[in-house]
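Here are a few exercises to work through with the model open beside you. Try each task before reading its solution.

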Amino acid sequence: MLKGKTALITGSTSGIGFGIAKALAKQGANIVLNGFGDHAGPEAEIAALGAKVAYHGADMSKPAEIEAMVKFAQEKFGSVDILVNNAGIQHVARVENFPIERWDAIIAINLSSAFHASRAVLPVMQKANWGRIINVASVHGLVGSAEKSAYVAAKHGIVGLTKVTALENAKSGITCNAICPGWVLTPLVQKQVDAKAEALGLSNQAATELLLGEKEPSMQFTTPEELGDLAVFFCSAAGNNIRGVAWNMDGGWAAQ
Ligand code: NAD
């Protein structure tokens, strides 16, 4: 379905981003990976799916590096047709204790990076009159949770950016939508399970059940594979007129 298209997925060396990269690769898209840590392993897995793959190590808190990454993707594959703004970090603390440096980093990586990457790819998409921008927000783009001020602010912000980007391109073949997952068991969430287990003296299993039970009626994690399939749906012809939605895949979290 996506043969000949190029997808750039930020923060795709791990977790949800990697799951979305694999789903798009299975549809034949060329893949540009980004993120920290090992990238040779994820690159090899994407190549094994038969897709062309490249990697750029831009730090998503740095606008000049984001611009260089988009240029790299365009030079490597000729265009960027699908942009998935996914890179994100978390820090948990009450507002009065929140480290200023963590606030700034979360706003930069979870929100401003999506603006910088979108700004860089939109002229190319507009020329082609086709494009998909998928912002990985969170159920925290729709509702709040205590001790997550920067994250919730950034995720509500990216839902707003999604709507405006969709509206500005509403008469074109470019759509912009947000995906709002509940809990997904990635390294970002495992750290929160570990913190709960340590603070309350619980086993990993008990801390996991507590974490799910507090928020997610289904008592199930959403998987990177399910989120990948939703991204593929947004890229399909069925998604041609889906514009500016914030689509939760959260086990009923926001329905409460
Ligand atoms: P993860 O920690 O597994 O992956 C995060 C990715 O972002 C990694 O590839 C990491 O290297 C990259 N990254 C971090 N800082 C970066 C930077 N400065 N520059 C470039 N890359 C950077 O986390 P995840 O759970 O897969 O999260 C991915 C996205 O999904 C985030 O935006 C997160 O907020 C969102 N999300 C996650 C959950 C969840 O439950 N895991 C729920 C809702 C939303």
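**Exercise 1. Count the salt bridges across the interface of domain 1 and domain 2.**

Solution. Take the rule to be a side-chain nitrogen of Lys or Arg within 4 Å of a carboxyl oxygen of Asp or Glu. Run across the interface of domain 1 and domain 2, that rule turns up 0 salt bridges.

Some ground rules before going on. You're looking at a predicted model, where local features need pLDDT of at least 70, side-chain atom pairs count only at pLDDT 80 or more, and totals for chains, interfaces and linings use all residues. Residues are numbered from 1 along each chain as its sequence is written, and side-chain values use heavy atoms, with hydrogens and water left out.

**Exercise 2. Find how many residue pairs are in polar contact across the interface of domain 1 and domain 2.**

Solution. Start with the criterion: a pair of N or O atoms within 3.5 Å; within protein, one must be able to donate a hydrogen and the other to accept it, and residues adjacent in sequence count only if both atoms are side-chain atoms. With both residues at pLDDT 80 or more, the search across the interface gives 6 residue pairs.

Next, sort the side of domain 1 that touches domain 2: 4 nonpolar, 9 polar and 3 charged residues. Here Ala, Val, Leu, Ile, Met, Phe, Trp, Tyr, Cys and Pro count as nonpolar, Asp, Glu, Lys and Arg as charged, and the others, Gly among them, as polar.

**Exercise 3. Work out how much area domain 1 and domain 2 bury between them.**

Solution. First get the bounds, which come from an automatic or database domain assignment: domain 1 is 6-184 + 223-251, and domain 2 is 185-221. Buried area is the accessible area (1.4 Å probe) that two parts lose on being put together, summed over both. For this pair that's about 1100 Å², with 57% of it on carbon and sulfur atoms.
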